Amino acid sequence: VHEFWSTQPVPKSSEVVVADGPLHPPLAPELIPKVPHPLPSGMEWCLVDIDSPNEMNEFHDLLLNNYVEDADSMFRFNYSLEFLRWALLPPGFNKDWHVGVRESATGKLIAFISGIPVDIMVRDKTIRMAEINFLCLHKDMRSQRMAPLLIKEVTRRVHLVGIFQAVYTAGRLLPKPVSTCRYFHRSLNPKKLMDTGFSQKLDGTQLAKLVSSLRLPILTSIPGLRAMRKGDVSQVRKLLNRHLKTRYDVLPVFRTDAEIAHWFLPREGVITTYVVDDAEAPGKLSDFISFYSLASSVLKPAGVARSKGAVRKPHGVRPQTTHATVNAAYLFYYGTKTDYGVSLTEEEKLACGGHKKEKALVKEKENALIGARLTDLTRDALILAKEAGFDVFNCLDMMDNAMFTRELKFGPGDGYLRFYFYNYSSRSVPAEKIGFVML
Ligand code: EN5
(Lines give C-alpha, C1' and ligand atoms only; values in the text may rest on other atoms or scores of the structure.)
Protein backbone atom coordinates (compact mmCIF):
# COMPACT_ATOMS: atom_id res chain seq x y z
CA VAL A 1 0.00 0.00 0.00
CA HIS A 2 2.89 2.39 0.79
CA GLU A 3 5.02 2.27 -2.34
CA PHE A 4 7.47 4.76 -0.91
CA TRP A 5 7.35 4.31 2.85
CA SER A 6 7.76 0.53 2.60
CA THR A 7 11.26 1.24 1.18
CA GLN A 8 12.24 3.58 4.04
CA PRO A 9 13.63 2.99 7.55
CA VAL A 10 10.32 3.49 9.40
CA PRO A 11 8.32 0.89 11.34
CA LYS A 12 5.53 -0.93 9.45
CA SER A 13 2.01 0.18 10.41
CA SER A 14 1.24 -3.32 11.65
CA GLU A 15 4.37 -3.56 13.80
CA VAL A 16 4.27 -3.14 17.58
CA VAL A 17 7.57 -1.60 18.63
CA VAL A 18 8.88 -3.08 21.89
CA ALA A 19 12.40 -1.60 22.12
CA ASP A 20 13.89 1.74 21.06
CA GLY A 21 16.73 2.13 18.55
CA PRO A 22 17.87 3.01 15.02
CA LEU A 23 16.55 0.88 12.13
CA HIS A 24 19.93 1.06 10.35
CA PRO A 25 23.40 2.07 11.59
CA PRO A 26 25.19 5.23 10.36
CA LEU A 27 26.09 4.94 6.66
CA ALA A 28 29.74 4.87 5.63
CA PRO A 29 30.57 8.13 3.78
CA GLU A 30 31.22 6.31 0.50
CA LEU A 31 27.63 5.00 0.59
CA ILE A 32 26.17 8.52 0.60
CA PRO A 33 25.70 9.92 -2.93
CA LYS A 34 27.65 13.15 -3.44
CA VAL A 35 25.25 14.54 -6.04
CA PRO A 36 21.49 15.14 -5.93
CA HIS A 37 18.98 12.48 -6.91
CA PRO A 38 17.87 12.98 -10.52
CA LEU A 39 14.61 14.86 -11.12
CA PRO A 40 12.18 14.30 -14.00
CA SER A 41 13.25 16.30 -17.06
CA GLY A 42 12.12 19.90 -16.99
CA MET A 43 12.76 20.29 -13.25
CA GLU A 44 15.86 21.21 -11.29
CA TRP A 45 17.02 21.38 -7.68
CA CYS A 46 17.74 24.77 -6.13
CA LEU A 47 18.47 26.24 -2.72
CA VAL A 48 16.04 28.80 -1.36
CA ASP A 49 18.10 31.60 0.19
CA ILE A 50 16.17 32.60 3.29
CA ASP A 51 18.09 35.90 3.35
CA SER A 52 16.97 36.82 -0.16
CA PRO A 53 13.71 38.82 -0.10
CA ASN A 54 12.93 37.76 -3.68
CA GLU A 55 13.40 34.05 -3.06
CA MET A 56 11.49 34.31 0.23
CA ASN A 57 8.57 35.89 -1.60
CA GLU A 58 8.52 32.95 -4.02
CA PHE A 59 8.66 30.45 -1.15
CA HIS A 60 5.98 32.31 0.81
CA ASP A 61 3.77 32.34 -2.28
CA LEU A 62 4.20 28.59 -2.83
CA LEU A 63 3.06 27.89 0.75
CA LEU A 64 0.26 30.44 0.64
CA ASN A 65 -1.36 28.66 -2.31
CA ASN A 66 -0.33 25.05 -1.81
CA TYR A 67 0.45 24.21 1.83
CA VAL A 68 -1.55 22.30 4.47
CA GLU A 69 -5.36 22.58 4.58
CA ASP A 70 -7.94 21.21 6.99
CA ALA A 71 -9.88 18.07 6.00
CA ASP A 72 -12.66 20.09 4.32
CA SER A 73 -10.40 22.57 2.49
CA MET A 74 -11.93 25.53 4.31
CA PHE A 75 -8.64 26.90 5.71
CA ARG A 76 -5.00 26.86 4.61
CA PHE A 77 -1.98 27.74 6.75
CA ASN A 78 -0.72 31.23 5.97
CA TYR A 79 2.80 31.44 7.44
CA SER A 80 4.19 34.99 7.35
CA LEU A 81 7.58 35.85 5.84
CA GLU A 82 8.99 36.83 9.22
CA PHE A 83 7.70 33.58 10.72
CA LEU A 84 9.43 31.54 8.00
CA ARG A 85 12.73 33.35 8.64
CA TRP A 86 12.36 32.53 12.34
CA ALA A 87 11.52 28.90 11.62
CA LEU A 88 14.36 28.28 9.15
CA LEU A 89 17.30 30.30 10.50
CA PRO A 90 17.91 29.04 14.06
CA PRO A 91 21.50 28.84 15.37
CA GLY A 92 23.34 26.05 13.54
CA PHE A 93 20.98 26.04 10.54
CA ASN A 94 22.30 24.54 7.30
CA LYS A 95 21.49 26.45 4.10
CA ASP A 96 21.77 23.21 2.09
CA TRP A 97 18.68 21.96 3.92
CA HIS A 98 16.44 24.68 2.41
CA VAL A 99 15.71 22.65 -0.71
CA GLY A 100 13.56 23.81 -3.62
CA VAL A 101 12.59 22.51 -7.04
CA ARG A 102 12.14 24.85 -10.00
CA GLU A 103 10.54 24.34 -13.37
CA SER A 104 13.47 24.66 -15.80
CA ALA A 105 11.55 26.45 -18.55
CA THR A 106 10.11 29.21 -16.37
CA GLY A 107 12.28 29.16 -13.24
CA LYS A 108 9.07 28.90 -11.19
CA LEU A 109 9.43 27.43 -7.69
CA ILE A 110 7.21 24.35 -7.62
CA ALA A 111 8.28 22.41 -4.53
CA PHE A 112 10.09 22.80 -1.22
CA ILE A 113 11.30 20.82 1.79
CA SER A 114 13.44 21.92 4.75
CA GLY A 115 15.37 20.65 7.71
CA ILE A 116 16.89 22.27 10.78
CA PRO A 117 19.17 20.55 13.32
CA VAL A 118 17.73 19.60 16.73
CA ASP A 119 18.79 17.45 19.69
CA ILE A 120 15.86 15.25 20.67
CA MET A 121 15.72 13.22 23.83
CA VAL A 122 13.63 10.03 23.54
CA ARG A 123 13.28 8.71 27.08
CA ASP A 124 16.91 8.35 28.28
CA LYS A 125 18.72 8.82 24.93
CA THR A 126 19.67 12.12 23.28
CA ILE A 127 19.87 11.97 19.49
CA ARG A 128 21.03 14.59 16.99
CA MET A 129 18.24 14.80 14.39
CA ALA A 130 17.01 16.81 11.45
CA GLU A 131 13.61 18.38 12.06
CA ILE A 132 11.86 18.20 8.69
CA ASN A 133 9.11 20.70 7.87
CA PHE A 134 7.41 22.70 5.11
CA LEU A 135 7.25 19.87 2.59
CA CYS A 136 5.14 21.51 -0.11
CA LEU A 137 4.29 20.61 -3.69
CA HIS A 138 2.51 22.91 -6.10
CA LYS A 139 -1.09 21.70 -6.54
CA ASP A 140 -0.47 21.18 -10.29
CA MET A 141 2.37 18.76 -9.47
CA ARG A 142 0.42 16.47 -7.16
CA SER A 143 0.30 12.69 -7.66
CA GLN A 144 3.47 12.73 -9.75
CA ARG A 145 5.45 10.91 -7.03
CA MET A 146 7.46 14.06 -6.28
CA ALA A 147 7.25 13.96 -2.46
CA PRO A 148 9.44 10.82 -2.28
CA LEU A 149 12.13 12.62 -4.32
CA LEU A 150 12.10 15.63 -1.99
CA ILE A 151 12.27 13.37 1.07
CA LYS A 152 15.14 11.31 -0.39
CA GLU A 153 17.06 14.44 -1.37
CA VAL A 154 16.77 16.14 2.02
CA THR A 155 17.70 12.80 3.64
CA ARG A 156 20.85 12.62 1.50
CA ARG A 157 21.84 16.14 2.56
CA VAL A 158 21.24 15.30 6.22
CA HIS A 159 23.31 12.09 5.88
CA LEU A 160 26.20 14.15 4.41
CA VAL A 161 26.74 15.87 7.78
CA GLY A 162 26.63 12.59 9.71
CA ILE A 163 23.02 12.76 10.97
CA PHE A 164 20.93 9.60 10.48
CA GLN A 165 17.69 10.34 12.33
CA ALA A 166 14.87 12.81 11.67
CA VAL A 167 11.66 13.95 13.32
CA TYR A 168 8.59 15.22 11.46
CA THR A 169 4.86 15.70 11.93
CA ALA A 170 1.91 15.35 9.61
CA GLY A 171 -1.85 15.53 9.92
CA ARG A 172 -2.04 12.34 7.90
CA LEU A 173 -1.56 8.77 9.07
CA LEU A 174 1.70 7.30 7.75
CA PRO A 175 3.85 4.35 8.90
CA LYS A 176 4.16 4.71 11.87
CA PRO A 177 3.39 7.46 14.39
CA VAL A 178 5.32 7.52 17.64
CA SER A 179 2.39 9.56 18.98
CA THR A 180 -0.97 10.99 17.87
CA CYS A 181 -2.09 14.33 19.27
CA ARG A 182 -5.39 16.12 18.80
CA TYR A 183 -5.83 19.86 18.22
CA PHE A 184 -7.79 21.87 20.78
CA HIS A 185 -9.18 25.35 20.16
CA ARG A 186 -10.24 28.17 22.46
CA SER A 187 -12.30 30.87 20.79
CA LEU A 188 -11.37 34.47 21.45
CA ASN A 189 -13.59 35.97 18.72
CA PRO A 190 -16.58 33.61 18.48
CA LYS A 191 -18.53 35.75 15.99
CA LYS A 192 -15.70 35.80 13.45
CA LEU A 193 -14.99 32.09 13.94
CA MET A 194 -18.63 31.37 13.23
CA ASP A 195 -18.74 33.66 10.17
CA THR A 196 -15.71 31.97 8.63
CA GLY A 197 -16.98 28.45 9.31
CA PHE A 198 -14.19 27.77 11.79
CA SER A 199 -16.75 26.98 14.44
CA GLN A 200 -20.35 25.86 14.42
CA LYS A 201 -23.15 28.17 13.25
CA LEU A 202 -25.34 29.47 16.06
CA ASP A 203 -28.43 31.66 16.17
CA GLY A 204 -28.35 35.06 17.90
CA THR A 205 -29.46 33.76 21.30
CA GLN A 206 -27.01 30.87 21.31
CA LEU A 207 -24.18 33.16 20.20
CA ALA A 208 -24.93 35.68 22.95
CA LYS A 209 -24.84 32.87 25.51
CA LEU A 210 -21.56 31.58 24.11
CA VAL A 211 -19.96 35.03 24.07
CA SER A 212 -20.82 35.54 27.71
CA SER A 213 -19.54 32.10 28.73
CA LEU A 214 -16.23 32.77 26.96
CA ARG A 215 -15.67 36.20 28.54
CA LEU A 216 -12.17 36.66 29.91
CA PRO A 217 -10.85 39.11 32.52
CA ILE A 218 -9.46 42.32 30.95
CA LEU A 219 -6.27 42.14 32.98
CA THR A 220 -3.86 39.28 33.51
CA SER A 221 -3.83 37.81 37.02
CA ILE A 222 -0.26 36.67 37.73
CA PRO A 223 1.79 39.28 39.61
CA GLY A 224 5.13 39.98 37.94
CA LEU A 225 4.06 38.75 34.48
CA ARG A 226 5.97 40.70 31.79
CA ALA A 227 7.36 40.26 28.28
CA MET A 228 10.61 38.29 28.11
CA ARG A 229 13.82 40.24 27.46
CA LYS A 230 17.47 39.44 26.74
CA GLY A 231 18.50 39.27 30.39
CA ASP A 232 16.00 36.42 30.94
CA VAL A 233 17.51 34.03 28.42
CA SER A 234 19.68 31.84 30.64
CA GLN A 235 16.98 31.48 33.31
CA VAL A 236 14.40 30.55 30.68
CA ARG A 237 16.82 27.93 29.35
CA LYS A 238 17.19 26.28 32.76
CA LEU A 239 13.49 26.53 33.55
CA LEU A 240 12.51 25.02 30.21
CA ASN A 241 15.08 22.20 30.02
CA ARG A 242 14.25 21.12 33.53
CA HIS A 243 10.49 21.27 32.97
CA LEU A 244 10.75 19.25 29.76
CA LYS A 245 13.08 16.65 31.22
CA THR A 246 11.10 16.06 34.40
CA ARG A 247 7.68 15.92 32.73
CA TYR A 248 7.97 14.34 29.25
CA ASP A 249 9.41 11.39 27.27
CA VAL A 250 10.15 13.13 23.94
CA LEU A 251 11.73 16.58 24.21
CA PRO A 252 14.19 18.95 22.56
CA VAL A 253 17.36 19.86 24.46
CA PHE A 254 18.22 23.58 24.31
CA ARG A 255 22.01 23.55 24.61
CA THR A 256 22.83 27.24 24.32
CA ASP A 257 21.50 30.64 25.29
CA ALA A 258 21.66 31.58 21.60
CA GLU A 259 19.03 28.94 20.82
CA ILE A 260 16.76 30.18 23.61
CA ALA A 261 17.23 33.78 22.46
CA HIS A 262 16.29 32.75 18.93
CA TRP A 263 13.23 30.69 19.80
CA PHE A 264 11.81 32.79 22.63
CA LEU A 265 12.74 36.50 22.53
CA PRO A 266 9.58 38.28 21.41
CA ARG A 267 9.27 39.01 17.67
CA GLU A 268 6.23 41.02 16.68
CA GLY A 269 3.72 38.90 14.75
CA VAL A 270 5.82 35.76 15.24
CA ILE A 271 6.55 34.72 18.82
CA THR A 272 5.33 36.05 22.17
CA THR A 273 6.96 35.03 25.44
CA TYR A 274 6.00 36.18 28.92
CA VAL A 275 7.97 35.46 32.06
CA VAL A 276 6.97 35.70 35.72
CA ASP A 277 9.43 37.93 37.53
CA ASP A 278 8.90 37.03 41.16
CA ALA A 279 7.97 40.03 43.30
CA GLU A 280 9.73 38.59 46.36
CA ALA A 281 13.00 38.04 44.50
CA PRO A 282 13.11 40.54 41.62
CA GLY A 283 15.03 39.18 38.65
CA LYS A 284 14.42 35.54 39.63
CA LEU A 285 12.00 33.99 37.19
CA SER A 286 9.49 31.40 38.40
CA ASP A 287 7.62 30.62 35.16
CA PHE A 288 7.31 31.47 31.49
CA ILE A 289 4.81 30.81 28.69
CA SER A 290 5.03 31.38 24.94
CA PHE A 291 2.82 31.21 21.84
CA TYR A 292 3.44 31.71 18.13
CA SER A 293 1.37 33.48 15.55
CA LEU A 294 0.07 31.57 12.53
CA ALA A 295 -2.88 32.74 10.46
CA SER A 296 -4.98 30.55 8.19
CA SER A 297 -6.48 31.82 4.93
CA VAL A 298 -10.24 31.38 4.69
CA LEU A 299 -10.90 29.41 1.50
CA LYS A 300 -14.69 29.04 1.54
CA PRO A 301 -16.39 31.47 3.88
CA ALA A 302 -19.39 29.63 5.29
CA GLY A 303 -22.76 30.88 4.14
CA VAL A 304 -21.35 33.39 1.67
CA ALA A 305 -22.60 32.92 -1.88
CA ARG A 306 -19.67 32.65 -4.26
CA SER A 307 -21.65 33.04 -7.48
CA LYS A 308 -24.86 34.98 -7.98
CA GLY A 309 -27.87 33.06 -6.81
CA ALA A 310 -25.92 29.95 -5.80
CA VAL A 311 -26.93 30.22 -2.18
CA ARG A 312 -30.07 31.94 -0.99
CA LYS A 313 -29.57 33.95 2.18
CA PRO A 314 -31.79 32.54 4.91
CA HIS A 315 -34.57 34.94 5.85
CA GLY A 316 -33.58 37.40 8.56
CA VAL A 317 -29.85 36.73 8.33
CA ARG A 318 -27.89 39.82 7.36
CA PRO A 319 -25.08 39.49 4.81
CA GLN A 320 -21.93 38.44 6.58
CA THR A 321 -18.72 40.37 6.53
CA THR A 322 -16.08 38.30 4.83
CA HIS A 323 -12.76 37.65 6.48
CA ALA A 324 -9.58 36.77 4.59
CA THR A 325 -7.82 35.07 7.51
CA VAL A 326 -8.34 33.56 10.92
CA ASN A 327 -5.56 34.77 13.21
CA ALA A 328 -4.51 31.97 15.48
CA ALA A 329 -2.10 31.88 18.41
CA TYR A 330 -0.54 28.45 18.99
CA LEU A 331 0.72 27.49 22.41
CA PHE A 332 4.49 26.92 22.24
CA TYR A 333 6.61 25.99 25.29
CA TYR A 334 6.16 26.84 28.97
CA GLY A 335 7.96 26.09 32.18
CA THR A 336 7.24 26.46 35.87
CA LYS A 337 9.02 25.97 39.16
CA THR A 338 5.84 25.53 41.23
CA ASP A 339 6.69 21.88 41.89
CA TYR A 340 10.16 22.65 43.30
CA GLY A 341 10.68 21.05 46.68
CA VAL A 342 7.25 19.48 47.12
CA SER A 343 7.39 17.31 50.24
CA LEU A 344 5.01 15.38 52.42
CA THR A 345 3.92 16.38 55.92
CA GLU A 346 4.76 13.91 58.71
CA GLU A 347 1.07 13.08 58.83
CA GLU A 348 0.95 12.25 55.13
CA LYS A 349 4.08 10.09 55.42
CA LEU A 350 2.57 8.08 58.26
CA ALA A 351 -0.65 7.59 56.31
CA CYS A 352 1.39 6.29 53.35
CA GLY A 353 3.21 3.39 54.92
CA GLY A 354 5.68 2.69 52.12
CA HIS A 355 8.33 4.41 50.01
CA LYS A 356 6.49 3.67 46.76
CA LYS A 357 3.27 5.19 47.99
CA GLU A 358 5.15 8.24 49.26
CA LYS A 359 6.64 8.84 45.81
CA ALA A 360 3.21 8.51 44.21
CA LEU A 361 1.76 11.00 46.67
CA VAL A 362 4.56 13.51 45.98
CA LYS A 363 3.83 13.15 42.25
CA GLU A 364 0.15 13.73 42.90
CA LYS A 365 0.86 16.89 44.90
CA GLU A 366 3.25 18.15 42.19
CA ASN A 367 0.66 17.52 39.49
CA ALA A 368 -2.02 19.41 41.39
CA LEU A 369 0.29 22.41 41.82
CA ILE A 370 1.49 22.32 38.21
CA GLY A 371 -2.06 21.97 36.90
CA ALA A 372 -3.26 24.99 38.88
CA ARG A 373 -0.26 27.08 37.85
CA LEU A 374 -0.48 26.18 34.16
CA THR A 375 -4.18 27.04 34.22
CA ASP A 376 -3.35 30.52 35.54
CA LEU A 377 -0.47 31.00 33.10
CA THR A 378 -2.51 29.89 30.10
CA ARG A 379 -5.52 32.00 31.14
CA ASP A 380 -3.19 35.01 31.15
CA ALA A 381 -1.84 33.93 27.75
CA LEU A 382 -5.46 33.84 26.46
CA ILE A 383 -6.01 37.37 27.77
CA LEU A 384 -2.81 38.62 26.11
CA ALA A 385 -3.66 36.86 22.84
CA LYS A 386 -7.17 38.33 22.76
CA GLU A 387 -5.78 41.78 23.52
CA ALA A 388 -3.30 41.32 20.63
CA GLY A 389 -6.17 40.61 18.22
CA PHE A 390 -5.99 36.83 17.83
CA ASP A 391 -9.28 35.11 16.97
CA VAL A 392 -8.50 31.70 18.43
CA PHE A 393 -5.91 30.09 20.70
CA ASN A 394 -4.83 26.59 19.65
CA CYS A 395 -2.91 23.82 21.33
CA LEU A 396 -2.57 20.04 21.15
CA ASP A 397 -3.37 17.54 23.87
CA MET A 398 0.41 17.09 24.33
CA MET A 399 2.61 18.17 27.26
CA ASP A 400 0.61 19.03 30.38
CA ASN A 401 -2.04 20.78 28.28
CA ALA A 402 -4.88 18.46 29.30
CA MET A 403 -4.50 19.91 32.81
CA PHE A 404 -6.10 23.21 31.74
CA THR A 405 -7.98 22.76 28.46
CA ARG A 406 -11.33 21.92 30.04
CA GLU A 407 -11.33 24.65 32.65
CA LEU A 408 -10.22 27.26 30.11
CA LYS A 409 -12.97 26.23 27.62
CA PHE A 410 -10.85 24.74 24.87
CA GLY A 411 -12.72 22.25 22.70
CA PRO A 412 -11.44 19.44 20.47
CA GLY A 413 -10.90 20.26 16.79
CA ASP A 414 -11.29 17.97 13.79
CA GLY A 415 -7.51 17.85 13.18
CA TYR A 416 -4.81 15.54 14.49
CA LEU A 417 -1.05 15.88 14.49
CA ARG A 418 1.04 12.74 14.29
CA PHE A 419 4.69 12.61 15.33
CA TYR A 420 7.16 10.48 13.36
CA PHE A 421 10.81 9.50 13.52
CA TYR A 422 12.93 8.53 10.52
CA ASN A 423 15.35 5.66 11.15
CA TYR A 424 14.41 5.38 14.81
CA SER A 425 11.95 2.87 16.02
CA SER A 426 10.42 3.95 19.32
CA ARG A 427 7.77 2.46 21.55
CA SER A 428 4.69 4.64 21.27
CA VAL A 429 4.40 7.68 23.48
CA PRO A 430 1.08 8.97 24.89
CA ALA A 431 0.21 12.53 23.79
CA GLU A 432 0.77 13.94 27.29
CA LYS A 433 4.36 12.66 27.26
CA ILE A 434 5.25 14.53 24.05
CA GLY A 435 7.28 17.61 25.01
CA PHE A 436 8.32 18.70 21.53
CA VAL A 437 6.42 21.40 19.59
CA MET A 438 6.76 21.69 15.81
CA LEU A 439 5.85 24.85 13.92
C1 EN5 B 1 3.78 20.07 9.07
N2 EN5 B 1 4.58 20.04 10.25
O3 EN5 B 1 -6.82 20.19 10.36
C4 EN5 B 1 2.50 19.32 9.19
N5 EN5 B 1 -6.72 22.05 11.57
O6 EN5 B 1 -8.37 20.96 14.57
C7 EN5 B 1 1.39 20.10 9.80
N8 EN5 B 1 -10.07 22.67 12.65
O9 EN5 B 1 -8.31 24.05 12.50
C10 EN5 B 1 0.12 19.29 9.78
N11 EN5 B 1 -12.87 21.20 8.76
O12 EN5 B 1 -11.85 22.06 14.45
C13 EN5 B 1 -1.01 20.03 10.42
N14 EN5 B 1 -12.90 24.02 14.47
C15 EN5 B 1 -2.29 19.25 10.46
C16 EN5 B 1 -3.46 20.11 10.80
C17 EN5 B 1 -4.11 20.70 9.55
C18 EN5 B 1 -5.11 21.76 9.82
C19 EN5 B 1 -6.28 21.25 10.58
C20 EN5 B 1 -7.83 21.71 12.40
C21 EN5 B 1 -7.32 21.31 13.76
C22 EN5 B 1 -8.76 22.92 12.51
C23 EN5 B 1 -11.02 23.71 12.92
C24 EN5 B 1 -11.76 24.14 11.68
C25 EN5 B 1 -12.52 23.01 11.06
C26 EN5 B 1 -13.16 23.41 9.76
C27 EN5 B 1 -13.81 22.21 9.13
C28 EN5 B 1 -11.98 23.17 14.01
C29 EN5 B 1 -13.74 23.74 15.58
C30 EN5 B 1 -13.44 24.83 16.59
C31 EN5 B 1 -14.28 24.77 17.86
C32 EN5 B 1 -14.01 26.05 18.65
C33 EN5 B 1 -14.72 26.03 19.97
C34 EN5 B 1 -14.44 24.80 20.77
C35 EN5 B 1 -14.69 23.53 19.96
C36 EN5 B 1 -13.95 23.53 18.68
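Visitor: What makes the span of helix α9 close to the expected one?
Guide: Helix α9 covers residues 355-387, 33 residues in all. From its first C-alpha to its last it reaches 48 Å. The expected span is 1.5 Å times one less than the number of residues, and here that is 48 Å. Helices are DSSP runs of H or I with at least four residues, strands are runs of E with at least two, and both are numbered from the N terminus. This is a predicted model, in which local features need pLDDT of at least 70, side-chain atom pairs count only at pLDDT 80 or more, and totals for chains, interfaces and linings use all residues. Residues are numbered from 1 along each chain as its sequence is written.

Visitor: Which strands do the buried residues of α9 pack against?
Guide: They pack against β7, β8 (225-227), β11 (285-298), β12 (325-336) and β13 (392-396). Among the buried residues are Ile-370, Leu-374, Leu-377 and Ala-381. Just after α9, Gly-389 has a positive phi of about 95 degrees.

Visitor: Why is Asp-257 called partly exposed?
Guide: Count the other C-beta atoms, placed from the backbone, within 10 Å of its own: 20 or more means buried, 12 or fewer exposed, and in between partly exposed. Asp-257 has 15, so it is partly exposed. Asp-257 sits in helix α7 (residues 257-264).

Visitor: Which residues does Asp-257 touch, leaving out those up to four places away in sequence?
Guide: Val-233, Ser-234 and Arg-237. Contact means C-beta atoms, placed from the backbone, within 7 Å. Ser-234 is 23 residues away in sequence, yet its C-alpha is 5.8 Å from that of Asp-257.

Visitor: How do you know that the ligand shell lies between the domains?
Guide: Domain 1 (5-180) and domain 2 (181-302 + 321-419) both give residues to the shell, so it lies between them. The bounds come from an automatic or database domain assignment. Of the 20 residues around the ligand, Gly-171, Tyr-183, Gly-411, Gly-413 and Gly-415 come nearest. Strand β14 gives the largest share, five residues.

Notes:
Near = placed C-beta within 6 Å. Contact = placed C-beta atoms within 7 Å.
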